[in-house]
Amino acid sequence: MPILTIANQKGGVGKTTTAVTIAHGLAIAGWKTLLVDLDPQGHIAFSLGLPKGPGFYRLIVDEEPIEKVAIPARSNLEIIPGDKRTEKAKRAIVVSNFPMETITRALKHAEHEVVILDLAPSLDVLHVSALMASDWVLIPTKLEAMAVDGVNEVLRSMAEVAERGHRLGYSILPTFFDRTTRETVVQLNSLVETFKEHVWPPIAQDTKAREAPAYGKSLWEYCPHSSVITGFGEEPKIGGYVSTMSRLMEVLSE
Ligand SMILES: Nc1ncnc2c1ncn2[C@@H]1O[C@H](COP(=O)(O)OP(=O)(O)O)[C@@H](O)[C@H]1O
Ligand SMILES: [Mg+2]
């Protein structure tokens, strides 16, 4: 069962949008998928039209089994929701015996075909513990001057985790791509120059993507024909979550 973490210590770069979109995308493709919210903001549940809840807290602190805390969200898709009690769970993890192994242990008995972890924008114990549990990290990043810097921060925590004997692969997903702004194109080129084939085709900035959570719908439900999903430009189109999905399936099948 592959575990994939969506990470970037910067907020508002499209982590939660990406987590919900690929989790639902995998579910639609037939994978039995578990999406876990590790952010006290609890936006995963909200984005899918479900109430926030202390799912993660109950999993970690009360040690309830996954089947009791996971909530069916769509066909093939279950979520473990978060809320402000995730913050409490984090404090409990810090003083526990094996903080770095917490998530690995908690997910050991998951009976899903793939698990996606959506992180909060911080470099804390949950961040490291999630990386320790994961096989792959997907790093969404905005295309702005500090983008390379943000990606490097995640790579630094991956190096930390590697020192503990756990190696994992990574990809960078440029988000909020705006073809009409020269800055975006310059930053995309700079990312590709630095991280080469690790950079996946970008996701367009699209107002539809911003609207979807308010309706409690995933992008596949709310705007399947928009550029954020299908990509942009003339045929063949570039980027979009459709192309993210095909890259991801390759990685997950390895
Ligand atoms: N491709 C996109 N185009 C336009 N708005 C987007 C896009 N992706 C995400 N958003 C919006 O940007 C905001 C931040 O995205 P979010 O996924 O919550 O980021 P993070 O989880 O990194 O904080 C949300 O309001 C979201 O709906
Ligand atoms: Mg988020």
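Is the crossing of α7 and α8 right-handed or left-handed? Point 3 gives the answer.

1. **Model and overall fold.** This is a predicted model. The chain's secondary structure amounts to 13 helices and 7 strands. Its radius of gyration is 17 Å, close to the 18 Å that the globule rule gives for 254 residues, so the chain is as compact as a globular protein of that length. Along the principal axes, the C-alpha atoms occupy a box of roughly 50 × 40 × 35 Å.

2. **Packing of α7 and α8.** Two packed helices are described by the angle between their axes and the distance between the axes. Here α7 covers residues 125-133 and α8 covers residues 147-163. The angle is about 60°, and the axes lie 10 Å apart. Angles of 65 to 115 degrees would count as roughly perpendicular, and those under 35 as roughly parallel. The pair is therefore oblique.

3. **Handedness and contact residues.** The crossing of α7 and α8 is right-handed. By class, the contact of the two helices has 5 nonpolar, 2 polar and 1 charged residues. On the α7 side, the residues are H127, V128, L131 and M132. They meet S157, M158, E160 and V161 of α8.

4. **Ligand 1.** A shell of 18 residues surrounds ligand 1. K15, T16, T17, A209 and R210 are the closest. Two elements give two or more residues to this shell: α1 (15-28) and α10 (207-211). The largest share comes from α1, with 3 residues. Sorted by class, the shell has 8 polar, 7 nonpolar and 3 charged residues.

5. Most residues other than glycine have a negative phi, and most peptide bonds are trans. The bond joining E235 and P236 is cis, with omega at about -5°. P236 sits in the loop between α12 (227-230) and α13 (241-253). Check this loop when viewing the model.

6. **Backbone at E63.** Which value does phi of E63 lie near? Phi of this residue is near 55°, a positive value in a residue other than glycine. E63 belongs to the loop between α3 (55-60) and α4 (66-69).

7. **Where to look.** For helix packing, start with the right-handed crossing of α7 and α8. For the ligand, start with α1, the source of the largest share of the shell. For the backbone, look at the cis bond between E235 and P236 and at the positive phi of E63.

Notes
Residues are numbered from 1 along each chain as its sequence is written. Chains are lettered from A and ligands numbered from 1 in the order in which they are written. This is a predicted model: local features need pLDDT of at least 70, side-chain atom pairs count only at pLDDT 80 or more; totals for chains, interfaces and linings use all residues. A residue is near a molecule or strand if its C-beta atom, placed from the backbone, lies within 6 Å of it. Helices (H or I, at least four residues) and strands (E, at least two) are DSSP runs, numbered from the N terminus. Ala, Val, Leu, Ile, Met, Phe, Trp, Tyr, Cys and Pro count as nonpolar, Asp, Glu, Lys and Arg as charged, and the others, Gly among them, as polar. Axes are lines fitted to C-alpha atoms, for helices over the stretch in contact, and angles run from 0 to 180 degrees between N-to-C directions. Angles under 35 degrees count as roughly parallel, over 145 as roughly antiparallel, 65 to 115 as roughly perpendicular and the rest as oblique. A crossing is left-handed if the near helix is turned anticlockwise from the far one by less than a right angle, and right-handed if clockwise. Two residues are in contact if their C-beta atoms, placed from the backbone, lie within 7 Å. The radius of gyration is taken over C-alpha atoms; the globule rule is 2.2 Å times the number of residues to the power 0.38.
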